[in-house]
Amino acid sequence: MQRGEGLRDRRRRETRRGIHLVVLRLAREHGLEKVTVEMIGAEAGISPRTFFNYFPGKEAAAVELSPAELSPELVEDFVAGPSGPPREVLADLSRLLLDQLGEDPPDRDEANEVFALARTVPGVTGALMARIENSTRRLADAAALRMGPDVDPQLPVLVASMAMAAVRTGMENWARSTDAGDSPVPHVERAVALLRTVLS
């Protein structure tokens with residue numbers, strides 16, 4: 001159980017994850033284009049209506065890669081930090097994402113499957129982009145709170161976008177690597193370090 005999570009929230013999270021894993025398995029076995037919501041429901045033990053309570057479609061279910069949500073505690077710690085120059089806020093935002101990955105690391109084979117589907121199935125590409133965009137907006141909101149009301153409103157969005165780009169780059173490198181360990185953190189740390197060299 002995640003920190004501060006009630007029984008109902010835990011059950012919803014477990015159901016979401018169960019649906020996601022069923023979609024990945026059916027995609028392996030049949031190809032995602034042949035997978036129907038009825039097939040997913042039969043395998044996951046849910047009705048099609050319940051499926052749509054969790055996801056708008058099979059493509060969104062395919063990209064439900066852990067961690068799904070930012071830890072509220074980590075976000076609160078980040079927002080409470082000093083405003084500082086944008087580079088320091090970017091460094092702290094990157095650290096927030098690294099801490100989240102350290103607390104709730106995804107499975108490498110699962111991540112590789114998700115990214116492989118996103119490279120070959122346009123609908124999954126769009127769903128992954130939408131997921132990244134949603135995460136970027138939440139990060140931008142946190143960065144805006146940290147940076148204060150007088151900051152140019154584009155700046156928190158740019159900071160959040162750069163942090164997410166580094167995370168995605170590191171995650172994809174980790175997922176594809178044949179000698180990678182169980183944690184994506186070292187790969188994401190390297191991507192963050194490379195981003196710092198670009199900005200230096």
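Figure 1. Leu97 touches Leu70, Leu139, Ala163, Met164 and Val167, leaving aside residues up to four places away in sequence. Touching, or contact, means heavy atoms within 4.5 Å. The model is predicted: local features need pLDDT of at least 70, side-chain atom pairs count only at pLDDT 80 or more, and totals for chains, interfaces and linings use all residues. Residues are numbered from 1 along each chain as its sequence is written, and side-chain values use heavy atoms, with hydrogens and water left out. The largest nonpolar core holds 58 residues. Those with the most contacts inside it are Ile19, Ile40, Phe51, Leu93, Leu97 and Met171. Such a core is a set of buried Ala, Val, Leu, Ile, Met, Phe, Trp, Tyr and Cys residues joined through side-chain atoms within 4.5 Å. Buried means under 20% relative accessible area, exposed over 50%, and partly exposed in between (1.4 Å probe, protein chains only).

**Figure 2. Helix α9 against helix α10.** Helix α9 spans residues 154–176 and helix α10 spans residues 185–199. Helices (H or I, at least four residues) are DSSP runs, numbered from the N terminus. The axes of α9 and α10 come within 7 Å and cross at roughly 135°. That makes α9 oblique to α10. Axes are lines fitted to C-alpha atoms, for helices over the stretch in contact, and angles run from 0 to 180 degrees between N-to-C directions. Angles under 35 degrees count as roughly parallel, over 145 as roughly antiparallel, 65 to 115 as roughly perpendicular and the rest as oblique. The crossing of α9 past α10 is right-handed, that is, the near helix is turned clockwise from the far one by less than a right angle. From α9, the contact takes in Met162, Ala166, Val167, Thr169, Gly170, Met171, Asn173 and Trp174. From α10 come His187, Val188, Ala191, Val192, Leu195 and Leu199. By class, the contact of α9 with α10 has 10 nonpolar, 4 polar and no charged residues. Here Ala, Val, Leu, Ile, Met, Phe, Trp, Tyr, Cys and Pro count as nonpolar, Asp, Glu, Lys and Arg as charged, and the others, Gly among them, as polar.

**Figure 3. Helix α6 against helix α10.** Helix α6 covers residues 86–103. It packs with α10 at an angle of about 170°, with the axes 10 Å apart. That makes α6 roughly antiparallel to α10. On the α6 side, Arg87, Leu90, Ser94, Arg95, Leu98, Leu101 and Gly102 make the contact.

**Figure 4. Helix α5 beside helix α8.** Helix α5 runs over residues 72–79 and helix α8 over residues 122–147. Their axes come within 8 Å and cross at roughly 30°. The two helices are therefore roughly parallel to each other. Val75, Phe78 and Val79 in α5 meet Ala142, Ala143, Leu145 and Arg146 in α8. The contact of α5 with α8 has 6 nonpolar, no polar and 1 charged residues.

**Figure 5. Glu110 and Leu21.** Glu110 sits in helix α7 (residues 108–120). At 5% relative accessibility, Glu110 counts as buried. Not counting residues up to four places away in sequence, Glu110 touches Arg17, His20, Leu21, Leu24, Glu64 and Leu65. Leu21 belongs to helix α1 (residues 7–30). Leu21 is partly exposed, with a relative accessible area of 36%. The C-alpha atoms of Leu21 and Ala163 are separated by 27 Å, and these residues lie 142 residues apart along the chain.

**Figure 6. Val37 in helix α2.** Val37 is found in helix α2 (residues 37–44). With 14% relative accessibility, Val37 counts as buried. Beyond four places in sequence, Val37 touches Pro48, Phe51 and Phe52. Val37 and Ser47 are 10 residues apart in sequence and 8.8 Å apart, C-alpha to C-alpha.

**Figure 7. Arg176 in helix α9.** Arg176 has its place in helix α9. Arg176 is partly exposed, at a relative accessible area of 46%. Residues up to four places away in sequence aside, Arg176 touches Asn112 and Arg119. Arg176 and Gly6 are 35 Å apart in space, C-alpha to C-alpha, and 170 residues apart in sequence.
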